[in-house]
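Visitor: I am new to this structure and would like to learn how to read it. Could you take me through a few features in turn?

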Amino acid sequence: MAILSFNARKIDRLADHKSEMLVVPLFIDHILKDDLSAVDQQLAGPITNTLALGDFSGELGTHASLAGNSSLQRLVLVGCGDATLFDRAAQRKFAQTLSAVMSKGKAKQATVTLAHLTIDDDDLAYLLEDIGKHTTLACYVYGATIAAPKNPALLKKVTVNMGIRLTAAKAKQRLAAGQAIGEGANLARHLGNLPANVCTPRFLSKQARRLAKGYPNVKTSVLGEKRMTELGMGSLLSVGRGSDEESQLIVMEYRGGSAKEAPYAIIGKGITFDTGGISLKPGMKMDEMKYDMGGAASVFGTVQAIADLALPINLVALVAAAENMPSGRATKPGDVVTSLSGKTIEILNTDAEGRLVLCDALTYVGRFKPREVVDIATLTGAIVVALGHHATGVFSNDDELANALITAGTRAGDRGWQMPLWNDYQQQLDSRFADVANIGTGGAGSVTAACFLARFAENYKWAHLDVAGTAFLGNPKGATGRPVPMLVDYLRSRAGQ
Ligand code: BES
Ligand code: MN
Ligand code: ZN
């Protein structure tokens with residue numbers, strides 16, 4: 001499945017190394033350390049000449065491409081900025097820059113030399129993960145529904161020169177971990193970017209079965225509308241009522257720990273298209289509602305990544321999939337439905353459908369006796385107003401869990417920010433005709449949405465990630481793969497890694 005291969009080793013004499021592209025990190029002090037000046041001399045001074053012309057500053061985020069010779073065909077100088085400010089964030093930016101250069105060029109093979117970077121071993125290990133992850137992300141090109149895809153990435157092989165620091169085995173392991181996270185995020189991007197006439201609830205079920213085929217420790221089962229009716233999932237079922245596509249509750253179980261260990265649980269909102277239903281959305285940018293399964297997409301990406309990483313935990317992953325359409329059979333504003341929990345819900349707005357599919361999944365997940373539950377959903381436009389496209393909204397009934405997710409996101413370059421879940425907001429959801437209404441009456445739309453979910457997640461530690469601003473971007477249009485890096489980092493830290 002992997003299209004890229006990563007290798008790490010110590011290259012004894014870089015000047016004698018053969019490569020289609022040598023990536024050379026340089027700080028703003030322009031000092032060519034150790035064997036880099038030997039490389040420069042061997043090639044008759046392209047680096048010193050470029051620096052003398054002032055064509056490369058060394059600032060973070062910049063690069064310069066130079067021609068080499070027949071054995072070192074290209075040299076790419078990549079800016080590292082000020083050496084005293086080269087922290088994790090700067091290192092990540094550096095990794096992103098070199099990944100973009102390697103993936104966009106003509107070279108099929110590239111060598112990155114890190115031997116002269118004086119950062120500690122821990123940072124170096126994370127830098128390797130960043131290189132594995134960002135190179136994998138940079139090589140993703142959408143082609144699924146294009147007859148002749150343009151500009152596929154040519155890069156196939158990346159070699160990292162480690163000098164004598166981390167062992168080659170350790171370095172390769174960290175590159176592979178980064179690659180697994182990148183591929184998980186790319187799977188999420190792929191599913192998110194697919195149009196809604198391809199990516200239906202049943203298509204998502206097929207993806208789950210495909211994961212189970214590819215990984216012996218992943219098991220998949222799917223509940224269709226018949227089974228969900230028997231169980232009493234009146235809330236989830238109300239959302240797909242107007243659609244010709246059958247709703248699905250998809251269950252994936254990953255076994256990496258012992259049988260008696262309680263699983264972690266993740267639940268994704270999988271609305272494969274959100275028209276708003278009878279509470280129809282305006283037409284402008286409605287195409288973007290194909291991304292309303294971004295939470296579900298991140299669940300698939302996370303399952304794949306943790307299976308690739310062989311994390312020693314158990315994980316239950318649910319996807320609540322439905323298509324929200326208007327029709328003569330569709331749910332109407334004012335309809336009252338009975339959820340799996342037994343609580344009745346007055347559906348005042350059929351466009352607040354994400355919480356309706358999630359609440360039944362939150363009840364259903366209880367039967368797995370989860371240690372903690374995280375749901376991921378493109379739930380509200382209001383979270384985009386609050387946090388823009390930078391941070392995922394984090395809501396939780398447990399501050400330690402919220403902090404674990406936020407810390408994981410910061411480490412993974414996929415940040416979240418905690419939002420309140422105070423009881424003060426709950427009264428907005430009071431209904432005269434049911435136990436709860438599906439929309440609030442005042443402001444703070446992303447908080448009242450989370451408050452609705454909280455009523456169905458009272459029996460375990462739970463967090464809700466509102467990714468409406470982070471799972472996809474409008475310009476250029478595309479799925480980002482977020483919050484796969486945050487979720488994988490969170491699960492790795494829960495696994496003690
Ligand atoms: N899928 C939308 C939320 C959304 C909006 C995601 C923009 C991505 C970008 C969700 O189902 C929705 O329609 N929410 C409504 C809730 C409202 C009716 C209470 C919203 O945010 O307007
Ligand atoms: Mn909606
Ligand atoms: Zn929606």
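Visitor: Which residues coordinate the manganese ion (ligand 2)?
Guide: This is a predicted model. In it, Asp 274 (OD), Asp 351 (O and OD) and Glu 353 (OE) coordinate the manganese ion (ligand 2), at 2.0 to 2.2 Å. Along the sequence these donor residues follow the spacing D-x76-D-x1-E.

Visitor: How do I read the angles at a metal site?
Guide: Begin with the ideal values: 109.5 degrees for four tetrahedral donors, and 90 or 180 degrees for six octahedral ones. Here the manganese ion (ligand 2) has six donor atoms, the angles among them run from 71 to 168 degrees, and the site is irregular.

Visitor: Which residue bridges the manganese ion (ligand 2) and the zinc ion (ligand 3)?
Guide: Asp 274 does, and the two ions lie 3.2 Å apart. Asp 274 belongs to strand S9 (residues 264-274), while Glu 353 sits in the loop between strand S12 (344-347) and helix H10 (354-364). The two residues are 79 residues apart, and the pair links distant parts of the chain.

Visitor: Are Asp 274 and Glu 353 buried or exposed?
Guide: Both Asp 274 and Glu 353 are buried.

Visitor: Now the helices. At what angle do the axes of H12 and H14 cross?
Guide: Roughly 115 degrees, for helix H12 (residues 399-412) and helix H14 (residues 484-494), whose axes come within 8 Å. The crossing is right-handed.

Visitor: Which residues make the contact?
Guide: Among them are Leu 401, Ala 404 and Leu 405 of H12, and Pro 485, Met 486 and Tyr 490 of H14. By class, the contact has eight nonpolar, two polar and four charged residues.

Definitions and conventions
Residues numbered from 1 in each chain as written. Chains lettered and ligands numbered in written order. Predicted model: local features only at pLDDT ≥ 70, side-chain atom pairs only at ≥ 80, totals over all residues. Heavy atoms only, no water. Donors = N, O, S within 2.8 Å, 3.2 Å for Na, K, Ca; no water. Tetrahedral: all angles 85-135°; square planar, octahedral: opposite > 155°, others 65-115°. Helix = DSSP H or I, 4+ residues; strand = E, 2+ residues; numbered from the N terminus. Buried < 20%, exposed > 50% of the residue type's maximum accessible area, 1.4 Å probe, protein only. Axes fitted to C-alpha atoms, helices over the stretch in contact; angles between N-to-C directions. Left-handed = near helix turned anticlockwise from the far one by under 90°. Contact = heavy atoms within 4.5 Å. Nonpolar A, V, L, I, M, F, W, Y, C, P; charged D, E, K, R; others polar.
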